[in-house]
Amino acid sequence: MSVFEKDKEAMGFPKDGQKITFKWPCEHSWFPSVVADQKYLIKGEEYTVRRTQLNSSSAYVWLEELKSYNEEHDLPFFSLWAFDWEGKIN
């Protein structure tokens, strides 16, 4: 297990395969696609985590239900903080 995986576990990140609920849109991101691609999501809907990524100032999630439309950049991905899940540490 990598250091980042241990950090994600300690921070209460959802696990791969876990259901998460889209709660509120992210209004700002380093990546414009993160904000724009939220048009594919429905508030209150559950989605399945394909994987998560922890960065120094952000966290992202890829969803099983939304297949990649850009393989080179692995899009779409979303701000993890726009979702809620069981075990989330607030």
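Select aspartate 84 to begin: this residue sits in strand 5 (residues 83–84). Helices (H or I, at least four residues) and strands (E, at least two) are DSSP runs, numbered from the N terminus. The model is predicted, so local features need pLDDT of at least 70 and side-chain atom pairs count only at pLDDT 80 or more, while totals for chains, interfaces and linings use all residues. Residues are numbered from 1 along each chain as its sequence is written, and side-chain values use heavy atoms, with hydrogens and water left out.

**Stop 1: around aspartate 84**

Stay on aspartate 84. Its relative accessibility is 29%, which counts as partly exposed. Now show the contacts, meaning heavy atoms within 4.5 Å. Leaving aside neighbours within four places in sequence, aspartate 84 touches Ile20, Thr21 and Lys23. Aspartate 84 and glutamate 45 are 39 residues apart in sequence, and their C-alpha atoms are 11 Å apart in space.

**Stop 2: glycine 44**

Move to glycine 44. Look for this residue in the loop between helix 2 (32–36) and strand 2 (46–54). Buried or exposed: which is glycine 44? Glycine 44 is exposed, at 52% relative accessible area. Its contacts, not counting residues up to four places away in sequence, are Thr21 and Phe22. Glycine 44 and alanine 10 are 34 residues apart along the chain, with 26 Å between their C-alpha atoms.

**Stop 3: the salt bridges**

Side chains of opposite charge can pair when their charged atoms come close. A salt bridge here is a side-chain nitrogen of Lys or Arg within 4 Å of a carboxyl oxygen of Asp or Glu. How many salt bridges does a search of the whole structure find? It finds two.

Select glutamate 65 and lysine 19. Their side chains form a salt bridge, at 3.8 Å from N to O. Glutamate 65 lies in the loop between strand 3 (59–63) and strand 4 (78–79), and lysine 19 lies in strand 1 (residues 19–22), so the pair ties together parts that are 46 residues apart in sequence. Glutamate 65 is partly exposed at 37% relative accessibility. Lysine 19 is partly exposed too, at 42%.

Now pick glutamate 64 and lysine 67. This pair forms a salt bridge, with the closest N and O atoms 3.7 Å apart. Glutamate 64 is partly exposed, with a relative accessible area of 33%. Lysine 67 counts as exposed, at 60%.

**Stop 4: the whole chain**

Zoom out and colour by secondary structure. The protein has two helices and five strands. Along the sequence they follow the pattern α-β-α-β-β-β-β. The radius of gyration is 12 Å, close to the 12 Å that the globule rule gives for 90 residues, so the protein is as compact as a globular protein of that length. That radius is taken over C-alpha atoms, and the rule is 2.2 Å times the number of residues to the power 0.38. The C-alpha trace spans about 30 × 30 × 25 Å along its principal axes.

Switch to a surface view. The protein exposes about 5,800 Å², and carbon and sulfur atoms supply 54% of it; the area comes from the Shrake-Rupley method with a 1.4 Å probe. Buried residues make up 40% of the 90 residues. Finally, of the contacts with a separation of 6 or more, 55% are between residues 24 or more positions apart.

Notes. Buried < 20%, exposed > 50% of the residue type's maximum accessible area, 1.4 Å probe, protein only.
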